[in-house]
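Thank you all for coming. Please take a moment to look at the sequence and the model on the screen, and then we will walk through a few parts together.

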Amino acid sequence: QGTATALTVDYNVITTAAASSGVVLPTATAGRRIVIVNKGANTLSIYPATGGTIDALAANAAIQVAANGSIEIMASSTTQWYSISRVAIFDSSGNLLN
C-alpha cells in the first residue's frame with residue numbers, strides 16, 4: 001500500500017502493471033465510483049486509502065484485478081468501498097471486448 005500509485009481520477013486505465021505493483025484508491029466519499037482497467041501484463045493490486053476497507057477484507061488489504069480485467073468500486077462511507085461485478089463481453093472469437 002505504501003509504494004502503490006495513488007489514483008486521482010474516477011476512470012483509470014493502467015497500461016503498465018509490473019509484477020507486485022498496485023494502486024491506492026482516494027479517500028472514500030459516500031457514492032463515489034472508481035473504475036480501474038488493467039491493461040498491464042500482470043495482476044494489479046488495488047488498495048483502499050489508509051484505514052479503509054474493500055468489501056469484507058481487513059483494513060488496508062488489497063483486491064486483485066487480472067491483466068486485461070477491469071473493476072468498478074463504489075464507496076458507501078468515508079472508509080468502506082465495495083466492488084461491483086462487471087459483465088465480461090466477448091466477441092465470436094472469444095476476445096474480451098470490455
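Predicted model: local features only at pLDDT ≥ 70, side-chain atom pairs only at ≥ 80, totals over all residues.

Which residues does Thr-53 touch, not counting residues up to four places away in sequence? With contact meaning heavy atoms within 4.5 Å, Thr-53 touches Pro-48, Ala-58, Ala-59, Thr-79, Gln-80 and Trp-81.

Residues are numbered from 1 along each chain as its sequence is written, and side-chain values use heavy atoms, with hydrogens and water left out.

Staying with Thr-53, this residue lies in strand β6, residues 53–54, where strands are DSSP runs of E, at least two residues, numbered from the N terminus. Its side chain and that of Gln-80 are joined by a polar contact of 2.7 Å, a term for a pair of N or O atoms within 3.5 Å, where within protein one must be able to donate a hydrogen and the other to accept it, and residues adjacent in sequence count only if both atoms are side-chain atoms. Thr-53 counts as buried because its relative accessibility is 15%, buried being under 20% relative accessible area, exposed over 50% and partly exposed in between, with a 1.4 Å probe and protein chains only.

Now to strand β4, residues 33–38, which is largely enclosed by the rest of the structure because 5 of its 6 residues are buried. Strand β2, residues 11–14, runs parallel to β4 and is joined to it by 4 bridges, whereas β4 and strand β8, residues 70–75, run antiparallel, with 5 bridges; two strands pair if DSSP finds at least two bridges between them. Asn-12 has Ile-36 in β4 as its bridge partner, and Ile-34 stands opposite Ile-73 in β8.
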